[in-house]
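Have a look at the sequence and the 3D structure below before reading on.

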Amino acid sequence: MAKNKKTEGIEWNYSSSLEGTSHIQLQKKYDLFIGGKFVKPHSGKYFDTINPATGEVLAAIAQADETDVDKAVKAARKAYNEIWKNMSGKERGKYLFRIARLIQDRAREFAVIETLDAGKTIRESRDVDVPLVANHFFYYAGWADKLEYAFPNRKVESLGVAGQIIPWNFPLLMAAWKIAPALACGNTVVLKPAETTPLTALKLAELIRDAGLPDGVVNIVTGYGDTGEAIVRHEDVDKVAFTGSTPVGKRIHEIAMEMGKKCTLELGGKSANIILDDAPIDQAVEGIVNGIFFNQGHVCCAGSRLFVQENVADIVVRKLKDRMQSLIVGNPLDKNTDIGAINSEKQLKTIHQYIQLGVEEGAELYQPECRVPANGFYCRPTLFTNVAQSSRIAQEEIFGPVLTIQTFRTVDEVIQKANNSPYGLAAGVWSDKGSRLFNLTSKLNAGVVWGNTYNRFDPSSPFGGFKESGYGREGGLHGLSAYLK
Amino acid sequence: MSRLEIIKTYKIYIGGAFPRTESGRYYVPLNKKGEPLGNVCLCSKKDAKNAVVAARKAFGSWSERAAFNRSQILYRIAEMLEGRKAQFVEELVLQGSTQKAAQQEVEASIDRVVYYAGWCDKVSQVTGSVNPVTSSHFNFSVYQPMGVIGIIADQSTSLIGLISQVIPVIASGNTVVVLAAENLPLCAVTFAEVINSSDVPGGVVNILTGKPDEPASVLGTHMDVNAIVLGSDSKELNASLRKSSALNLKRVIEMQTDWSKADAQGLYQITDCMELKTTWHPVENIGGSTSSY
């Protein structure tokens, strides 16, 4: 087996099974995608994007400033006025179908690059992210000429130029969630990927160019928060769509309100995953693991607050610890890996601070004795028991593989506890009895509620939150309304 | 020496295979100029019965596929049609179209397939409902495919009518037995070849040629056919099919229009061949009333 030096703990007898990287095409340097062309940034500045699994530099990325953003918005406006606005839905749809097909053709390349740039496991980027991306484009392609069916008795019209800012946890998938419905509804876009994960969006720009999409319909500008702010503040951006943290979402909301822009926000969460005493325990344990450790816990809807009915708590916690013991933390490119790299050093620091805080608050920490690679950013799957409802680790979004466990006695109690959060993005309920399950799904204040499953996504299924988890929906028929008058 | 051309044999399409009619009979349709188009299978009642058996056999797996998967397969049909554009145009011209009209018909046909490809995974979103019953129940209604559908294709066009009548019916998960246009059968035979190379499982689309009346009488009376699509304008045939539909309360779907029109497509072409199912599920009503979050 592949020996990892400087490791500790139990050895797992798996041979390494690395996904090849020879078939991917990456340049050393990426410019901004504006008006159908890659153009140099006005400032001449570039920043590095790294592989969080190793720390090595993958490429230099252009840093867009206000001037570049203005150029991108102008290109988007021109494409909107001169071509896209007046194109029939049927023809718009055909472009989107083309993009979907090209993504399917190049799926493996995109999956590998996503894994390199984001640290997520190849199993996930190959089997979840990229297929969902292609399907999302395919799904919205079909809507482009059927909008009148989606909103009966309403004359639908596109908004204009949409400014879109996306996070680093699902870089390409979030780009698809933003671009596909916007284009299907007849808008043009300026999209900013996250600074730590810009590569797949830039590869998507190449693919969009290859698809023959008219110049300027999709523009991709890279940079940090100030680039995003320039998009949000731009006079000629009609609509802002943001996925990311709640604090940033609140700032964007403020600017959008001030400037009278249409806005949708998909923000943070602290979602409850509830295990009732009649739940199939082994399945539920798998669901808990998937709920919190999927994508290293970098999931806005992660089931980070576990509520277990008191009479089954002991067995659930025991089985959960056993299961955690078998999770493999390591090289994301290895097909055996369950938990890949934390997306950035900064995020790893945040997670460690929260783990420290949990211990200080008196909660009981559990981490399996698994090996962790010496280089790169990694975090063991982490469990806290003896957690108080008021504890900060049970209230605040950690965005890492950290789970808190609380117990409850009655259904009434768990509804109160689960809903007692400023967030309301998602929830999970595990029970063998449909009537109990639907009772909870109807009473939990969350935009998505999973019954006997967790972290399921589909292009046809609307996603989005209540309360401070943001507003608006992405996916499904309802996802169209974010991009229509 | 000039090369001797290979002439195509026109066969029918049943269960994913290309047999000749079991009857061994043929007919020779003529084009507008009176030129023979070729020897085309004159299908029998037995062919129709065989086709229904094939369609029923294919129904289970086709209808249970994810709607999204069917949408991809329909899109694949469009891709294959696009690749065969020249052949369809040639056949339409041979059957009497002008070059320009033929081109338009083929392009409109391809776009129509793409249109319905987009519908597969949206039909239930637009037509289904969650019903606010007064008792504590989760109650929802969703359309599902009917089963095996017999289609008498439009007799006045070779391709666009056939596509407009077949594609929406299979989009929802039905399987079909189609009787092609008697005098314009060439595109139907070639369309079978497209279906055959588009990941559409054998038996989902079965295409018969010949004089419609004879096989139609089987489709009309067959107890394993769930609905009959009246796609031709033959008054006599339609009247007899309406009459025989009473045997097993076959749904009778009228589908006659000018298929060349851009708006000769829509959601209701799909739901016409679907059944509505309503499901009830109890919901406990415990707790939460004191929750104010």
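## Model and annotated domain

Please keep in mind that this is a predicted model. An unreviewed UniProt entry places the feature "domain: Aldehyde dehydrogenase" at residues 38-484 of chain A. That span is 42% helix and 16% strand, and its end C-alpha atoms lie 29 Å apart.

## The annotated active site

The unreviewed UniProt entry also carries the annotation "active site", and it covers Glu266(A). You will find Glu266(A) in strand 10 of chain A, which runs over residues 262-266. Is this residue buried or exposed? Glu266(A) has a relative accessibility of 3%, so it counts as buried, the cut-off for that class being under 20%.

Leaving aside residues up to four places away in sequence, Glu266(A) touches Phe242(A), Thr243(A), Gly244(A), Cys300(A), Leu425(A), Phe463(A), Gly464(A), Ser469(A) and Glu474(A). Among these contacts is another glutamate, Glu474(A).

## Where the chains meet

In terms of residues, 31 of chain B are in contact with 34 of chain A.

Charges also take part in this interface: the rule finds four salt bridges across it. In one salt bridge, Asp111(B) is joined to Lys90(A), with the closest N and O atoms 2.9 Å apart.

## Aromatic rings

Over all chains, a search of the whole structure finds 23 aromatic pairs. One of them involves Phe138(A) and Phe68(B): the ring centres are 5.6 Å apart and the planes stand at 75 degrees, so the pair is edge-to-face. This pair crosses between chains, from helix 4 of chain A (residues 122-143) to helix 2 of chain B (residues 67-83). Both Phe138(A) and Phe68(B) are buried. Another edge-to-face pair is formed by Tyr115(B) and Trp119(B), at 6.5 Å centre to centre with 90 degrees between the planes. These two are separated by about one helical turn because they are four residues apart in helix 4 of chain B (residues 99-119). Tyr115(B) and Trp119(B) are both buried.

Which residues do ring pairs link into a cluster? The cluster holds Tyr139(A), Tyr140(A), Trp143(A) and Tyr149(A) from chain A, together with Tyr115(B), Tyr116(B) and Trp119(B) from chain B. Within chain A, Arg154(A) lies over the face of Phe151(A), 4.6 Å from the ring centre.

## Positive phi angles

Phe399(A) is a residue other than glycine with a positive phi, near 60 degrees. Phe399(A) is found in the loop between helix 13 (392-395) and strand 15 (402-408), and its relative accessible area of 17% makes it buried.

Asn455(A), again not a glycine, has a positive phi near 55 degrees. The loop that holds Asn455(A) runs between strand 17 (448-451) and strand 18 (470-471) of chain A. With a relative accessibility of 8%, Asn455(A) counts as buried.

Methods:
Residues numbered from 1 in each chain as written. Chains lettered and ligands numbered in written order. Predicted model: local features only at pLDDT ≥ 70, side-chain atom pairs only at ≥ 80, totals over all residues. Heavy atoms only, no water. UniProt positions renumbered as here; feature names shortened; annotations may be inferred. Buried < 20%, exposed > 50% of the residue type's maximum accessible area, 1.4 Å probe, protein only. Contact = heavy atoms within 4.5 Å. Phe/Tyr/Trp six-rings, centres within 6.5 Å; stacked < 30°, edge-to-face > 60°. Lys NZ or Arg CZ within 6 Å of the ring centre and 35° of its normal. Salt bridge = Lys/Arg side-chain N within 4 Å of Asp/Glu carboxyl O.
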